[in-house]
Number of protein chains: 2
Amino acid sequence: MAARTVEERVQRPSADATRERILFAALDLFSERSFEGASTRLIAEKAGVQQPLLTYHFGTKEELWRAAVGQLFEDLAGSLAERVAGLRGVEDEAVAKLVVADFVRFSAAHPQLHRIIMQECKSEGDRLAWLVAQHIRPLYEGAVALLEPLKAAGKVRDVSAAHLYYLLTGAAATIFVLAPECRLLTGVDPLDPSEVERHVDAVISMLFVP
Amino acid sequence: MAARTVEERVQRPSADATRERILFAALDLFSERSFEGASTRLIAEKAGVQQPLLTYHFGTKEELWRAAVGQLFEDLAGSLAERVAGLRGVEDEAVAKLVVADFVRFSAAHPQLHRIIMQECKSEGDRLAWLVAQHIRPLYEGAVALLEPLKAAGKVRDVSAAHLYYLLTGAAATIFVLAPECRLLTGVDPLDPSEVERHVDAVISMLFVP
DNA sequence: GTCTATAATTAGATAGAC
DNA sequence: GTCTATCTAATTATAGAC
C-alpha cells in the first residue's frame, strides 16, 4: 500500500472505506475462484461499486490481486511476529508449539491464504515469483529457524527442512482450504471452533516427538 | 466414457488416439490453470487439433473436464485396489503402510489429482458435488476402513477420522502440488525419485505410532 | 472425423460526464 | 471519487464444407 499523508486521509474519508471493501471482496473471490475465474465485474458487485472504480483505485486486475494478497500475508506475518515477541525467555519447544498452534488457527480463520498459495504456486509465473520473493520466503525461513534446532535436539520428527515445511503447511491447512468438501464428505464443519482446536492438537501430535 | 463396440473402434482407429491426446492436454491445463483459466483453444492447441473438435468429442467444456478428471480418479482407485488385492493375508498395519506409500507415490506421479481437488472443493458447486459423489467418497470410505481399526489398536495416531483424512492427504500431496514453489523456495525438486521416497517415509512416520 | 468461419457472450480497460 | 457508456480482445459454442 502506498504511503499516504494524514491530510489526504482526512480529505477523503470515504475513499479508504471503499478501497477496503474492494480489497475484501477481491480476496474472497480470488481465493475461491482463482485469478482468472474472478471477474472484476463480480468483485465490484460484491463490493457495491461499479467495475471501472477498481481501475481507478488499483490500476490493473493484477495490481488489485497483489494489494489484496499482500495485506493478508502481512496480517499473518504480523500475527506470528507478535506471538514470538510475546514469548521471550520461554523454552524453545513451547514457543514452537504455540507458534504452530497460532498458524493452524490463522489458517482456519483465513482459508484464503492457502487457497491463494495453492492456486498460484502450482505453475511457474509472475505471481508465483512475486509471492515467494515478497511473502513466502520470509515465512519459510522463520519456520526453519524455529524448527531446525528442535529437530537437532530430537524434539521434532527427523525430516529434512523442505519436507517438514510442506508436511506442516499441508497438514495444517488442507482441511480448512477444503472446508466445503469436508462438510459434504464427513459431516464435520472444520471451521467450528472446537474442531479447529482438535486440528491444532492433531498437527502438534504429528510434528513433535512426544 | 460411453460404451463403444469393437466394430466402431476398428472403423475409427485414429479417433481414439485424438480423444486421448485431448484428454491428456485437458487434464494438464485444467489442473494447472483451473477450470476457468484453461481455455478450450489452448487445450486444443496443446493436443494439436482445432478448438471445435473438442465440442465434437465431448460436447461442452464441463463434460470434457469430467472425462479428463474421471479418468485420473479411476487410475488412482484401480491402482489402490490392485495393491490391496495383492496383499491378502498380510498383516493390517503392513497393508496400510504400503497403501499409504502407494498413495504418496501416485500423488507425486500425478500432481494433477490434488490440484484439481484443491481447485474445485474449496467452494460449493456442481463440480464439487460431482467429484465427491463419484470419486472422493469411495476413497474416503476406503481410507476409513483401512485406518480406523489400526487407530483402535493404537497403531495409528489417535485423531478423528475426518482430521486424519485431511492430515494424510494434505501432508502427502502438498509438496507435489506446489512443486514449482518448492523448487524456487528450497532448491529441492520434490519430484526427484529419491525425494519422493523421503516423503513416503516422512508421511508414514507422522501417521503411524512407532 | 476434422476443418474454417463465425455467432453470441463476456472479459479487462478507457473516455468522459458529474 | 464515482458513475455511465463503450472499446477491443478473448471466450465457448455452432454452422456447414470437405
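Colleague: What ground rules apply?

Modeller: This is a predicted model, where local features need pLDDT of at least 70, side-chain atom pairs count only at pLDDT 80 or more, and totals for chains, interfaces and linings use all residues. Residues are numbered from 1 along each chain as its sequence is written, chains are lettered from A and ligands numbered from 1 in the order in which they are written, and side-chain values use heavy atoms, leaving out hydrogens and water.

Colleague: Is B:Cys121 buried or exposed?

Modeller: Buried means under 20% relative accessible area, exposed over 50%, partly exposed in between (1.4 Å probe, protein chains only). B:Cys121 has 0%, so buried is the word. B:Cys182 also has 0% and counts as buried.

Colleague: What makes chains A and B a two-fold pair?

Modeller: A rotation of 180° with 0.0 Å of shift along its axis puts chain B on chain A, at RMSD 0.0 Å. That is how a two-fold axis relates copies. The same surface serves both copies, as 100% of the contact residues of chain B recur in chain A.

Colleague: How many residues does each chain bring to the contact?

Modeller: Chain B brings 51 residues and chain A brings 51 residues. Contact means heavy atoms within 4.5 Å. As an example, A:Leu184 touches B:Leu128, B:Ala129, B:Val132 and B:Arg137, not counting residues up to four places away in sequence. A:Leu184 has 43% relative accessible area, so the label is partly exposed.

Colleague: What is the area buried between the chains?

Modeller: About 4,700 Å², with 70% from carbon and sulfur atoms. Buried area is the accessible area (1.4 Å probe) that two parts lose on being put together, summed over both.

Colleague: Why is the pair of B:Arg183 and A:Glu124 called a salt bridge?

Modeller: The term needs a side-chain nitrogen of Lys or Arg within 4 Å of a carboxyl oxygen of Asp or Glu. Here the closest N and O atoms are 3.7 Å apart, and the pair qualifies. B:Arg183 lies in helix α10 of chain B and A:Glu124 in a loop of chain A, so the pair joins two chains. B:Arg183 is partly exposed at 32%, while A:Glu124 is exposed at 63%. The rule finds two salt bridges across the interface.

Colleague: Which parts do A:Arg105 and A:Glu197 tie together?

Modeller: The side chains meet at 2.9 Å, N to O, inside the limit. A:Arg105 is in α6 of chain A and A:Glu197 in α11 of chain A, so parts 92 residues apart in sequence are tied together.

Colleague: What about A:Glu120 and A:Arg127?

Modeller: Their closest N and O atoms are 2.8 Å apart, a salt bridge. At 7%, A:Glu120 is buried. A:Arg127, at 15%, is buried too.

Notes: Least-squares fit on C-alpha atoms with pLDDT ≥ 70 in both. Helix = DSSP H or I, 4+ residues; strand = E, 2+ residues; numbered from the N terminus.
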